[in-house]
Amino acid sequence: MRDENCIFCRIANGEIPAATVYEDELFRVILDMGPASKGHALILPKEHFKDVCELDERYAAKVLQLGGRIGAAMKKSLGCTGFNLVQNNGTSAGQTVFHFHMHVIPRYEDGAPIVTWNPGSSNPEELKETAERISSCL
Ligand code: 5GP
Ligand code: ZN
């Protein structure tokens with residue numbers, strides 16, 4: 001299903017032009033208009049899913065492998081030495097467009113940090129209790 005009011009539905013289906021890296025029956029891969037680094041791409045499903053929790057299994061089965069292919073092509077073509085696959089779900093996680101997408105962000109030697117956090121502390125009891133809470137909702 002598509003949502004006519006969704007910008008990524010319209011881009012993925014070719015109604016709005018975007019620099020396209022790859023296209024098949026299920027996905028269009030475009031360059032991000034506000035790139036974190038040169039070549040930053042977005043993998044867009046052609047159907048509308050708000051986030052990873054809604055993503056249909058046909059897409060879910062293929063998106064990670066496609067991310068790997070795009071990243072490998074970036075290493076060959078752009079000279080990056082690594083890449084991040086980033087996928088935000090929810091406003092608190094930084095999602096700003098509510099149509100599932102996966103970022104493929106090329107990483108260059110001496111490039112600015114992109115995906116980072118300050119490691120906190122933990123203890124085994126707390127980890128066990130937290131693991132059990134998550135597990136109880138699966
Ligand atoms: P999010 O923060 O939701 O994970 O990522 C949304 C991304 O989409 C941002 O990096 C933003 O720059 C990109 N973006 C938003 N609107 C457009 C657009 O119309 N065209 C392109 N090419 N990128 C977009
Ligand atoms: Zn959409």
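Student: What makes the largest pocket a pocket, and how much space lies in it?

Tutor: In this predicted model, about 330 Å³ of space lies in the largest pocket; a pocket is an open set of grid points with protein on both sides within 12 Å along at least five of seven lines, so the term says that this space is open, unlike a cavity, from which a 1.4 Å probe cannot get out.

Student: Which residues line the largest pocket, and which elements give two or more of them?

Tutor: The lining has 17 residues, of which Phe-8, Asp-32, Met-33, Leu-42 and Val-97 lie nearest the centre. Helix 1 (7-12) and strand 2 (27-31) each give two or more residues, and the largest share, three residues, comes from helix 1.

Student: How do the residues lining the second largest pocket divide by class?

Tutor: The lining of the second largest pocket has four nonpolar, one polar and five charged residues. Among the lining residues are Asp-24, Glu-25, Arg-58, Lys-62 and Arg-69, and because Asp, Glu, Lys and Arg count as charged, these five belong to that class.

Student: Why are strand 1 and strand 4 said to stand at the edges of the sheet?

Tutor: The five strands form an open sheet in the order 1-2-3-5-4, with antiparallel pairing. Strand 1 (20-23) and strand 4 (82-86) each have a single partner strand, so one side of each is left without a neighbour in the sheet.

Student: How do you know that strand 3 and strand 5 pair?

Tutor: Pairing requires at least two bridges, and three bridges join strand 3 (residues 41-45) to strand 5 (residues 102-107), so the two strands count as paired; Ala-41 stands opposite Val-104 in strand 5.

Technical notes. Residues are numbered from 1 along each chain as its sequence is written. Chains are lettered from A and ligands numbered from 1 in the order in which they are written. This is a predicted model: local features need pLDDT of at least 70, side-chain atom pairs count only at pLDDT 80 or more; totals for chains, interfaces and linings use all residues. Side-chain values use heavy atoms; hydrogens and water are left out. Helices (H or I, at least four residues) and strands (E, at least two) are DSSP runs, numbered from the N terminus. On a 1 Å grid over the protein atoms alone, a cavity is a set of points where a 1.4 Å probe fits but cannot get out, and a pocket is an open set with protein on both sides within 12 Å along at least five of seven lines; lining residues have an atom within 4 Å of a point. Grid points are joined across faces, edges and corners, and a volume is the space filled by probe spheres set on the points.
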